[in-house]
Amino acid sequence: MHEVSLGGMLTDYLTGQTIEETTYEEFRQALAKFLVEEKGYPKRGLKAKVPLIFKIDGQDTGRHIDLVAHDDAGVPLVLVIFCAGDVGSFERETVSCARLFPGGPVPIAIATDSIGASILDTASGDCVATGVRGIPTWEEALAKSAKTARIPLPDERRRKEERILHAYSGFLYGTCCSESCPAPSKGGK
């Protein structure tokens with residue numbers, strides 16, 4: 001299943017703005033609220049539906065990241081992908097997103113359906129905890145980030161991660177319903 005409009009509007013938890021209600025938005029809102037109210041993440045550092053753009057065969061493609069937590073300097077610490085389906089089957093895609101994300105690699109990557117979760121170490125790709133209660137607190141995320149070197153991927157490795165991510169997410173953009181699942185543009189719209 002992919003994200004489609006439900007025809008309504010709702011108030012965004014992070015910004016207070018009115019946004020379109022979609023099949024995933026309720027879950028994205030619940031995850032943002034959980035991170036802020038249960039795990040201590042500052043609202044100001046959370047961004048929703050962040051575009052991740054990369055090139056495949058010279059063409060821009062990408063996907064939206066459901067939530068990204070940044071520190072006060074704008075450095076990404078945690079990346080969250082909402083998934084509809086078995087959380088474990090989204091782990092490799094989520095790690096690729098974290099490895100390719102601008103300003104990254106993002107040290108902590110999370111694949112979640114809002115009930116289950118795989119908390120992933122981006123460097124190794126290993127699942128280090130499971131369940132939403134295993135999601136690190138803001139303080140834990142800051143500590144992990146402080147110990148993580150931000151070394152951009154070498155070109156060859158970057159191309160491999162782009163191919164992996166494209167293989168996982170490519171079916172959404174252009175084959176299932178190009179009108180409702182377009183690849184995010186460079187401008188983020």
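This is a predicted model: local features need pLDDT of at least 70, side-chain atom pairs count only at pLDDT 80 or more; totals for chains, interfaces and linings use all residues.
Colleague: Which residues touch the most other members of the largest nonpolar core?
Modeller: That core has 24 residues. Elements giving two or more residues to this core are α1, β4, β5, β6, β7 and α3. The residues that touch the most other members are Tyr-41, Val-78, Ile-110 and Ile-135.

Colleague: Which element gives the largest share of this core?
Modeller: Look at the helix spanning residues 25-37. Its buried residues include Leu-31, Phe-34 and Leu-35. Ile-135 touches Phe-34 and Leu-35, among others. The largest share is five residues, and the element is α1.

Colleague: What does helix α1 reach from its first C-alpha to its last?
Modeller: α1 has 13 residues. At 1.5 Å a residue, the reach is close to what is expected. The value is 18 Å.

Colleague: How many residues are in the second, separate core?
Modeller: Its members include Phe-54, Val-68, Val-106 and Ala-109. Val-106 also lines the second largest pocket. The count for this second core is 17 residues.

Colleague: How far apart in space are Phe-90 and Ala-111, C-alpha to C-alpha?
Modeller: Phe-90 sits in the loop between β5 and α2. Beyond its sequence neighbours within four places, Phe-90 contacts Cys-83, Ala-84, Gly-85 and Ala-111. Phe-90 and Ala-111 are 21 residues apart in sequence. In space, C-alpha to C-alpha, the distance is 6.3 Å.

Conventions
Residues are numbered from 1 along each chain as its sequence is written. Side-chain values use heavy atoms; hydrogens and water are left out. Helices (H or I, at least four residues) and strands (E, at least two) are DSSP runs, numbered from the N terminus. The expected span of a helix is 1.5 Å times one less than its number of residues. Buried means under 20% relative accessible area, exposed over 50%, partly exposed in between (1.4 Å probe, protein chains only). On a 1 Å grid over the protein atoms alone, a cavity is a set of points where a 1.4 Å probe fits but cannot get out, and a pocket is an open set with protein on both sides within 12 Å along at least five of seven lines; lining residues have an atom within 4 Å of a point. Contact means heavy atoms within 4.5 Å. A nonpolar core is a set of buried Ala, Val, Leu, Ile, Met, Phe, Trp, Tyr and Cys residues joined through side-chain atoms within 4.5 Å.
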